Amino acid sequence: MKFNLTINGKPQDVDVEPETPLLWVLRDEIGLTGTKYGCGIARCGACTIHVDGQAAKACQIQASAAVGKKITTIEGLSADSSHPVQQAWVEIGVPQCGYCQSGQIMSASALLAKRKNPTDAEIEAAMADNLCRCGTYQRIMQAIRLASSKIQQA
Amino acid sequence: MNEIISKKNLSRRSFIQASAAVGGGLMLGFHMPDALAATISPKAQSTTTAPGTEINAWLVIDKDNTVTIRIPHTEMGQGGLTSVAMLVAEELNVDWSKIRTEWADANRHLRNNKEYKVMSTHGSQLVRLQHPHLMGAGAGARERLKQAAATAWGVDRAQVEAKLGVLTAGNRTATYGEFAEAAAKVTLDKEPEISIDPAKWWLLGKPTQRLDIPNKVNGSAQYAMDTRVPGMVYAAVKASPVPWGTLKSYNFDAIKSLPGIIAAVPLKAVPGKRGQPDLQDAVAVVATSWYRAKTALDLLPIEWDFGDSAKTSSAQYYEEGRKLMDQKGLVSGKEDPQTAEIIATSKKVVTATYERPFEAHARMEPVNATVWVQDDRVDVWSPTQDQSAPITIVADQLGVDPKNVYVHTIFLGGGFGGNGGGGTGVTRQAAEISKQLKKPVKVVWTREEDLAQTKQRPLSVAKLTASIGDDGLPTALFTRAMWASLDGMNQIGGATSDYGIYNIPYKVPHRQHERHNFKTHIPSSTHRAPGANQMGFMAESFVDEMAIAGGWNPLDWRLKMTEGLDDFQLVFQTLKDKAGFRTDLPKGQGMGIAMVESHGTIAAACATVNVSRRGRLEIEKILVVLDAGRVINPLAATEQCEGSVCWELSHAWTGGLDLENGRFVNTNFDSYNLLRIDQNPHVETIFASSGGKKFGGLGEPAGPPAPPAVANAIFYATGKRIRSTPFRQHDLSWT
């Protein structure tokens with residue numbers, strides 16, 4: 001079935017079964033491989049994207065349900081890695097293997113869009129769905145606090 | 001499919017450019033140290049042509065003084081890419097901003113008789129063991145540049161200074177770029193010595209931003225999972241849910257009319273071959289997209305014969321393991337019959353049995369591989385810690401000359417000893433399917449397949465018994481350990497089941513350790529800090545049991561029992577000075593310490609925990625003190641220590657695989673629980689470096705002491721001694 005989706009501000013035609021998860025549409029049909037597969041059951045957060053500005057797990061969104069929504073992936077968060085969360089991630093040196101980090105950054109940026117100055121408890125609640133096997137959590141906390149201060153100063 | 005990919009009749013050259021342009025697997029990083037300016041300029045592996053003159057296999061110097069350093073190792077998050085560049089740049093003495101990197105060519109390594117010495121990346125060995133030849137490559141190039149300038153200027157090489165890319169003698173000066181061509185032709189009588197004295201280093205030892213980070217914040221870093229090549233098809237695979245079961249039948253007719261389905265391919269184990277990368281019986285469903293393949297595979301009727309393995313369980317293994325604790329095993333080191341005699345006649349004896357379950361690597365990047373078999377060459381994209389491995393695996397599977405197998409080095413979505421495509425059958429699966437279908441194939445294991453079929457850390461049991469003398473210190477220590485490994489493997493990587501118990505440094509007058517290799521059908525492999533991870537928990541928890549039984553403070557006990565061992569004393573004394581360890585906190589709060597030496601590094605931890613009356617555990621802080629001799633990049637090293645602690649606590653606190661009916665009941669991250677951000681303690685890392693000639697590893701050692709430190713802290717908080725993991729299965733409530 002043919003669908004027209006809006007990904008990172010651009011219209012995209014795809015031809016897939018309607019129930020195909022957006023994760024696989026992004027990765028295998030469109031070639032946006034920054035969004036990662038980790039579990040397929042919404043328990044690892046590696047596929048986190050923004051749907052109309054809200055953090056969402058791309059493995060749980062059917063292609064047909066994405067029509068008419070504003071979809072943003074890690075590739076569309078900024079053109080030049082200039083989003084305050086990306087800058088903070090570089091400054092703190094968060095990623096190790098990096099595989100989960102697209103999802104971490106998308107969750108963190110969605111949080112800070114809603115709450116410019118979240119408490120530690122709010123950060124933990126917002127990030128608890130995002131697994132990191134390398135154990136970068138401590139630096140994720142530091143980087144979100146740094147990004148928060150960048151956003152407040154901006 | 002992307003329009004560039006779908007073009008027909010691409011020549012190889014255009015294939016490489018096309019697939020690279022759409023973010024295919026041919027990523028070859030040109031990582032400029034200016035972090036935010038970093039870009040990836042993809043090039044074809046095996047045709048690396050960095051501009052400039054190659055001085056040796058590791059480095060190329062261009063006329064504009066850019067130095068390209070070839071990285072023979074893999075980057076799995078441990079900072080290896082940056083470490084190699086730093087080791088070479090230190091000796092070459094070149095401005096860090098002039099460095100760029102590319103992956104070394106694994107086929108060149110093969111063709112030229114292991115030209116890069118070692119391309120595997122494991123065992124926290126990169127800095128620890130490979131520094132001599134990596135630093136040597138930089139030093140050799142530097143001396144050749146100096147000699148070339150000396151010859152041109154008519155002076156002695158000793159009169160030429162090489163510093164930050166500039167050669168100087170008297171009032172003459174030139175850049176490295178100007179003498180690169182001449183330097184490549186210089187023969188030295190003798191290769192120069194490298195400098196391992198940290199006091200003389202100008203780059204090593206300084207916290208340095210990792211070169212791979214900028215590509216990991218914008219989705220541009222490419223993993224094997226992201227490989228896309230023209231005409232590629234996708235496969236989902238299911239092996240017997242009880243590992244090494246036999247495929248009886250499957251009914252392709254039931255799924256072949258589903259959308260995009262191309263084929264079902266049966267894969268057969270080779271009798272007698274159950275090693276690391278061997279095939280198990282399995283069925284692959286191939287389709288035009290991976291989601292279609294996976295969906296159809298879920299619906300495919302398959303019949304298996306599980307054999308006797310289906311009768312096994314973790315409970316049974318523990319029961320048999322406990323029985324083995326009363327039977328003589330293989331003796332590690334020298335037999336000391338007095339050990340048992342002293343214990344038998346001692347007035348005071350402490351004894352305890354510890355148990356730990358299987359654990360999975362659960363790399364965030366699920367196991368996958370892409371292989372493209374063509375008439376004259378085979379290309380492989382595989383998340384392996386050893387690029388040489390897929391070459392030999394694929395050549396063996398297909399019966400082709402290894403020289404025609406091209407492996408593409410690529411970022412790994414985690415390593416941890418799991419070795420993704422190198423340590424499982426996935427690369428053979430992809431090779432076989434590509435050969436049969438004559439198309440490039442990407443095989444991706446579901447997370448469920450990944451947890452069921454990757455090589456696990458062995459389930460282990462240990463019994464420790466000590467006699468305590470009048471001074472409260474042990475007079476004899478008798479230990480037995482068992483691990484359940486595939487077909488009873490005695491050794492996994494560099495470790496045997498005595499590792500972490502037998503090699504403790506404490507000076508007990510009489511020791512005996514015996515080990516049992518218990519046979520299982522569960523595939524086994526190295527697992528970040530093998531041996532030390534499971535057994536370190538047992539040994540170091542028991543150390544506290546011995547110390548407390550003898551009336552000793554556990555930290556004073558460890559200091560006393562390592563008297564005369566200067567590096568251990570340094571670590572424990574630093575811990576004592578920095579941790580504020582105390583045993584008199586109010587109930588519900590506790591501190592605990594532990595120390596495990598592995599990979600040439602001594603790592604001690606102090607845990608601070610809070611346990612509510614109802615038994616809710618909070619791990620507030622882990623302080624780790626390490627002696628790795630020297631630390632070449634303190635920033636990356638600190639990150640590795642933070643990660644290692646989290647890794648081990650994932651297993652000790654929340655993890656644990658449970659075997660029932662020969663298979664794991666934990667099928668995904670809803671039932672195999674890894675540590676999450678709200679559980680992660682604050683980790684503080686202190687390096688207490690003894691120097692000398694020691695080069696210890698840092699990718700693994702900080703993990704093993706964390707679980708016993710936490711268990712020892714829980715004891716002080718609750719009075720409860722934890723002798724098995726995961727901690728979540730214990731009632732920690734107190735009144």
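This is a predicted model: local features need pLDDT of at least 70, side-chain atom pairs count only at pLDDT 80 or more; totals for chains, interfaces and linings use all residues.
Close-up 1. S7(B) is joined to S8 (residues 166-169) of chain B by 3 bridges, with the two running antiparallel; look for B:Glu161, whose bridge partner in S8(B) is B:Thr168.

**Close-up 2. The mixed sheet of chain B.** Here we have 4 strands of chain B in an open sheet, ordered S3-S4-S5-S6, with mixed pairing. The edges belong to S3 (53-56) and S6 (99-103), each of which pairs on one side only. Ignoring direction, neighbouring strands are turned by 30° against each other on average. Inside the sheet, S4 (residues 59-61) and S5 (residues 67-71) of chain B pair in the antiparallel sense over 3 bridges, and B:Val60 has B:Thr68 in S5(B) as its bridge partner. Helix H6 (residues 176-184) of chain B turns up again in this view: it lies across S3 and S4 of chain B, at about 60° to S3(B).

**Close-up 3. H3 against H5 in chain B.** The axes of H3 (residues 80-92) and H5 (residues 126-153) of chain B come within 7 Å and cross at roughly 40°. That angle is why H3(B) counts as oblique to H5(B). The crossing is right-handed. On the H3(B) side, the contact residues include B:Val84, B:Leu87 and B:Val88, while H5(B) brings in, among others, B:Leu134, B:Met135 and B:Leu145. By class, the contact splits into 11 nonpolar, 4 polar and 3 charged residues.

**Close-up 4. H3 against H6 in chain A.** Over in chain A, H3 (residues 84-92) and H6 (residues 137-153) pack at about 130° with their axes 8 Å apart. These two helices are therefore oblique to each other, and H3(A) passes H6(A) in a right-handed crossing. Among the residues making the contact are A:Val85, A:Trp89 and A:Ile92 of H3(A), along with A:Ile140, A:Ile144 and A:Ile151 of H6(A). The class count for this contact is 11 nonpolar, 2 polar and 3 charged.

**Close-up 5. Where chain A meets chain B.** Across the interface, 53 residues of chain A are in contact with 68 residues of chain B. The area buried between the two chains is about 4,900 Å², and carbon and sulfur atoms give 55% of it. Which residues of chain A lose the most area to chain B? They are A:Gln96, A:Arg133 and A:Gln138, together accounting for 18% of what that side buries.

**Close-up 6. A helix contact between the chains.** H6(A) packs with H16 (residues 634-654) of chain B at an angle of about 115°, with their axes 9 Å apart. From H6(A), A:Tyr137, A:Gln138 and A:Arg139 meet B:Leu635, B:Thr638, B:Glu639, B:Glu642 and B:Cys646 in H16(B). This contact has 3 nonpolar, 2 polar and 3 charged residues.

Note on methods
Residues are numbered from 1 along each chain as its sequence is written. Chains are lettered from A and ligands numbered from 1 in the order in which they are written. Side-chain values use heavy atoms; hydrogens and water are left out. Axes are lines fitted to C-alpha atoms, for helices over the stretch in contact, and angles run from 0 to 180 degrees between N-to-C directions. Angles under 35 degrees count as roughly parallel, over 145 as roughly antiparallel, 65 to 115 as roughly perpendicular and the rest as oblique. A crossing is left-handed if the near helix is turned anticlockwise from the far one by less than a right angle, and right-handed if clockwise. Contact means heavy atoms within 4.5 Å. Ala, Val, Leu, Ile, Met, Phe, Trp, Tyr, Cys and Pro count as nonpolar, Asp, Glu, Lys and Arg as charged, and the others, Gly among them, as polar. Two strands pair if DSSP finds at least two bridges between them. Buried area is the accessible area (1.4 Å probe) that two parts lose on being put together, summed over both.
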